[in-house]
Amino acid sequence: MTILVQRYTPLAGSPAEVLWREGEASYVEAGLARHAAVTAPPPDLISWCAEVDGELAGLQACRLKPESGEAHGLLSWVRPSFRQRGVFAAIQAAVDADLLAAGIIAIRSWVVDGPGAAAMAAAITARGGAKVGAPQVGTAAGATVTYHEYLRPLVRPGTAL
């Protein structure tokens, strides 16, 4: 298995947009999204897209906030058939390296209550992230869900957390 991770700036119009729409659909269909339909990626998003043996497998998208030294993680998505195969770890390594090279020192992300939330939160905290908030958010489906907010410092490989 060969995993290739490529950066797309902007996300909109790139091959990664297919994965953006799939990931968004998973939240919309579960009633966890703020909007009722899948949206196009905003024009200022950048992404890292993984391919496994030439097939789109996963994505992480974020918005850079250089004034605060942060990236705001907006969507992480790995197709179900590629989960538990190291795809997200490969994406995260590329994201961290690129963000550090750009002078970004932390990534702020949100974990939405729902299927897989505990695993996502555990992955963030295992990499040094800390929960910094938990706002209640109204969804398009009329429910209220918690968006757990995390801040994870970026560290160079080989550096202790």
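Colleague: Which residues of helix H3 are called buried, and what does the word require?

Modeller: In helix H3 (residues 117-126) they are Ala117, Ala121 and Ile124; they are called buried because each has under 20% relative accessible area (1.4 Å probe, protein chains only), whereas exposed means over 50% and partly exposed lies in between. These three residues cover an arc of only 60° around the axis, which puts them on the same side of H3; the arc is taken from the directions from the helix axis to the C-beta atoms. This is a predicted model in which local features need pLDDT of at least 70 and side-chain atom pairs count only at pLDDT 80 or more, while totals for chains, interfaces and linings use all residues. Residues are numbered from 1 along each chain as its sequence is written, and side-chain values use heavy atoms, with hydrogens and water left out.

Colleague: What lies on the other side of H3, and which strands do the buried residues pack against?

Modeller: Ala118, Ala119 and Ala126 are exposed on the other side. The buried residues pack against strand E5 (106-112) and strand E8 (144-153), where contact means heavy atoms within 4.5 Å. Helices (H or I, at least four residues) and strands (E, at least two) are DSSP runs, numbered from the N terminus.

Colleague: Why are strands E2 and E3 called paired?

Modeller: Two strands pair if DSSP finds at least two bridges between them. Strand E2 (residues 46-52) and strand E3 (residues 55-65) have seven, in the antiparallel sense, and therefore meet that requirement. One of the bridges joins Val52 to Glu55 in E3. Their hairpin has two residues between the strands, and Asp53 there takes a positive phi near 50°.

Colleague: What makes a group of residues a nonpolar core, and which members of the largest one touch the most others?

Modeller: A nonpolar core is a set of buried Ala, Val, Leu, Ile, Met, Phe, Trp, Tyr and Cys residues joined through side-chain atoms within 4.5 Å. The largest such set has 17 residues, and Trp48, Val87 and Leu99 touch the most other members. E2, E3, E4 and helix H2 (87-101) each supply at least two residues, and the largest share, five residues, comes from H2. A second, separate core of twelve residues includes Leu45, Leu56, Ala61 and Trp77.
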